[in-house]
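User: I am new to this structure and would like to know what lies behind the terms used for it. Please go through them one at a time.

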Amino acid sequence: MESLRLYSKHKVGYYNWLLALHNQAHLLRTIIAALKTELTLLTFIIFTLLLIAPLNGQSNNIKRINTSELWADMTLNKPIAEKWAIGGDFGIRTALSDTKFWLFYLRPNVNFKPAHHLKFTLGLGSFNAFSDELFNTYEIRVYQDALVHWPKLGLFNFSHRFRLEERFFSYSEASIDNDFRFRGRYLLGVRTDGFSLGGAPNWTVFGSVEPFFRLNGKDNFAANNFRWDTALCYQANNKLRIELHYILQSSEFFFDNTQSLENIFRIRVFQDL
């Protein structure tokens, strides 16, 4: 009889322990869900603040213009070791509006990926812009960036890119001195999971906001302020992705006190080798 009472007591204690464990697990799930909600709200607030940032704080004396541009480029990536890869991108950019220019660039890089969600890049770029109306510009650009993929909230995969750029300029106009600019950039991006458009789930949508920061004072001629980007992306296979972008970019031209709002149509091709 005593053994039966002890058994019943232990059985009740075991069930109570299971119930407490279940309640703790439910509480943990509730906390995680709340944290995800807070992260979603925080991300929405950051997107909103970055999106409206170019619309505020501008002087009424600044002349505003709208322009259109077409960009086309290709990004290559070649793994050379377990955590290392080489690659880069190259392309052309031109104006579709009245102010005509052509820009050609080549930007090779080296990538180190210590973890699945983290990548570091060191690169060197050459940007050459030609214009019939203004002087030609030749730029050598050294850059370093860190890319972090986090968090994933449901169908949305967020990323953060922090970049520093050291930019060395020379000009076709002999009266203009060579120039050096130090710039910071922060990109907050989000990409959806794959979805289907009548076939395999090879499609994604990408969006980002990116402010630019002048770190060595005011530029002499022009500076980008902000970039908002949205794209429809098609994964042709595990090594090839094609993206169609619409970019809204805000820039300033200091030599004639002008702010430009640039509508950019961009075609991007990503190829792993």
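User: What makes W102, F104, F130 and Y138 a cluster?

Analyst: Ring pairs link W102, F104, F130 and Y138. Two rings pair if their centres lie within 6.5 Å. The model is a predicted one, and a search of the whole of it finds twelve aromatic pairs.

User: Why is the pair of W228 and Y246 called edge-to-face?

Analyst: A pair of aromatic rings is described by the distance of the centres and the angle of the planes. For W228 and Y246 the centres are 6.3 Å apart, and a pair needs them within 6.5 Å. Their planes stand at 70°, and over 60 degrees counts as edge-to-face, so the name applies.

User: What parts does the pair of W228 and Y246 tie together?

Analyst: W228 belongs to strand β9 (residues 222–237) and Y246 to strand β10 (residues 240–253), so the parts joined are 18 residues apart in sequence.

User: Are W228 and Y246 buried, partly exposed or exposed?

Analyst: Buried means under 20% relative accessible area and exposed means over 50%. W228 has 27%, so W228 is partly exposed. Y246 has 26%, so Y246 is partly exposed as well. In the chain, buried residues make up 35% of the 273 residues.

User: How do you know that R107 lies over the face of Y143?

Analyst: CZ of Arg has to be within 6 Å of the ring centre and within 35 degrees of the ring normal. R107 is at 5.9 Å from the ring centre of Y143 and lies over its face. R181 lies over the face of F169, at 4.0 Å from the ring centre.

User: What makes β7 and β8 a pair of strands?

Analyst: Two strands pair if at least two bridges are found between them. Strand β7 (residues 179–192) and strand β8 (residues 203–214) have seven bridges, in the antiparallel sense. G189 stands opposite S208 in β8.

User: Which residue of β9 does S208 stand opposite?

Analyst: S208 stands opposite D229 in β9. β8 and β9 pair over nine bridges, and the sense is antiparallel. With at least two bridges required, the strands count as paired.

User: Where is the cis peptide bond that runs from W150, and what is its omega?

Analyst: The bond goes from W150 to P151, with omega near -5°. P151 is found in strand β5 (residues 137–153).

User: How many helices and strands does the chain have?

Analyst: The chain has one helix and eleven strands.

Conventions
Residues numbered from 1 in each chain as written. Predicted model: local features only at pLDDT ≥ 70, side-chain atom pairs only at ≥ 80, totals over all residues. Heavy atoms only, no water. Helix = DSSP H or I, 4+ residues; strand = E, 2+ residues; numbered from the N terminus. Buried < 20%, exposed > 50% of the residue type's maximum accessible area, 1.4 Å probe, protein only. Phe/Tyr/Trp six-rings, centres within 6.5 Å; stacked < 30°, edge-to-face > 60°.
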